[in-house]
Amino acid sequence: MMICDSHAHYGEKELMKAIVDSSPLTKHYLCYQAVQFESMSDYDDYMQKQGQNKIAYIPFVFRELSKLEENRKILDYAKGREHVYPYVLLDEDNVNFVRDNHQAIVGVKEHFVMHDTALNERRVAIFADIDKYNLNILLHTRGGNVRVEYVQSILELFPNIKVHVAHLGRERPEDVDYIYWLLEQLRPYDNVFFDTSTIRQTQVLEQAVRIVGRERILYGSDFPFYMDGTGQENIVKAQIDHVLNAELTDTDRSYILQKNFEWLITKGS
Ligand SMILES: [Zn+2]
C-alpha cells in the first residue's frame, strides 16, 4: 500500500526559525512553539525514509510571512517533484493567483492565525475559481459553532466545492466530544472531508470512520509540528502508526492512507 500524506508543511528552516525566535506571537500560538526544526534539513530524504509516496505540502501559517512569496516558493519546490502536491495560502491580495496557477496546485489553505473566519468579496472570488477548477479549500478556522457555520456558508454559495477540514475538525486535541459533535454536523455534506493530522487517540479515528465513513478521512502528518511535548518524536511515523494501530479493516486503512488522496488531492486541469 502506498502512503499518501494529505497535510504536511513546507518552509525554509532558517526563515521559520528566525520568525519563531523573534515573534511576539510565539507565546500565544502552539503552531509557533512546536516546530521540529531538525527534521526540516532535508525534506525529500526525511519523507523517503518514512515511506511516504505522495505528499500534500502547505506553506507555514506564520503571520509574519508574505503569502505571495511562500506560495511562489512552494510552487518552485513542487516543480520536477512528481510526489509533491502543493496547497497555497489563501491570499486575498492576489485574487488571480489560483486562476493563474490552477494546474500546479491542489487548493488553498485558510488558517485562523492568518485569516479571519468570515467570507468577503475577494475570498468568494477565489473560491469561485477553486470551485471551477475542482480544487480544495483546506480549513483550520476559529473553533466553536463558527467552525461549522463557516463551512455551511461556503457550501451555500458553492454546494459542490471540496472542503478539506484539518485535524479531524478538532479544537483542543483532548476535547473528543467537540470532534464528534463537529463530525456529526458536517456528516450530511459528502464533499467535506477530514485529515487525521495531530490526532493520536485511536478511538477518535475509529469513531470518525463510523460517523462520516472511510471515504472521507485522509491520513495527514502535520509535519514538522510535533505532538509529544519534547519535540524528539518521529512525527510522521507516529501519525502513520496512529492509523495502523486503530481498530480498522485493511480496506478502511487503504482508503485513509492512499485511495482518498488519489481522488481528492488533485491538481486543476
Ligand atoms: Zn498543519
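View 1. Asp222 sits in the loop that links S8 to H10 (helices are DSSP runs of H or I with at least four residues, strands are E runs of at least two, numbered from the N terminus). Its phi is near 60°, a positive value in a residue other than glycine. Asp222 counts as buried, with 24 C-beta neighbours inside 10 Å (buried takes 20 or more other C-beta atoms within 10 Å, exposed 12 or fewer, partly exposed in between, with C-beta atoms placed from the backbone). In that loop you'll also find Pro224, and the peptide bond from Phe223 to Pro224 is cis, with omega near 0°. Keep in mind that this is a predicted model: local features need pLDDT of at least 70, side-chain atom pairs count only at pLDDT 80 or more, and totals for chains, interfaces and linings use all residues. Residue numbers start from 1 along each chain as its sequence is written.

**View 2. Thr198, between S7 and H9.** Thr198 is in the loop between S7 and helix H9 (202-212). Here phi is near 70°, positive in a residue other than glycine. Thr198 is buried too, with 23 other C-beta atoms within 10 Å.

**View 3. Strands S6 and S7 side by side.** S6 (residues 162-165) and S7 (residues 192-195) pair in the parallel sense over three bridges (pairing takes at least two DSSP bridges between two strands). Val165 has Phe194 in S7 as its bridge partner.

**View 4. Around Val108.** Leaving aside neighbours within four places in sequence, Val108 is in contact with residues including Tyr87, Ile126 and Ile137 (contact puts the C-beta atoms, placed from the backbone, within 7 Å).

Terms used:
Contact = placed C-beta atoms within 7 Å.
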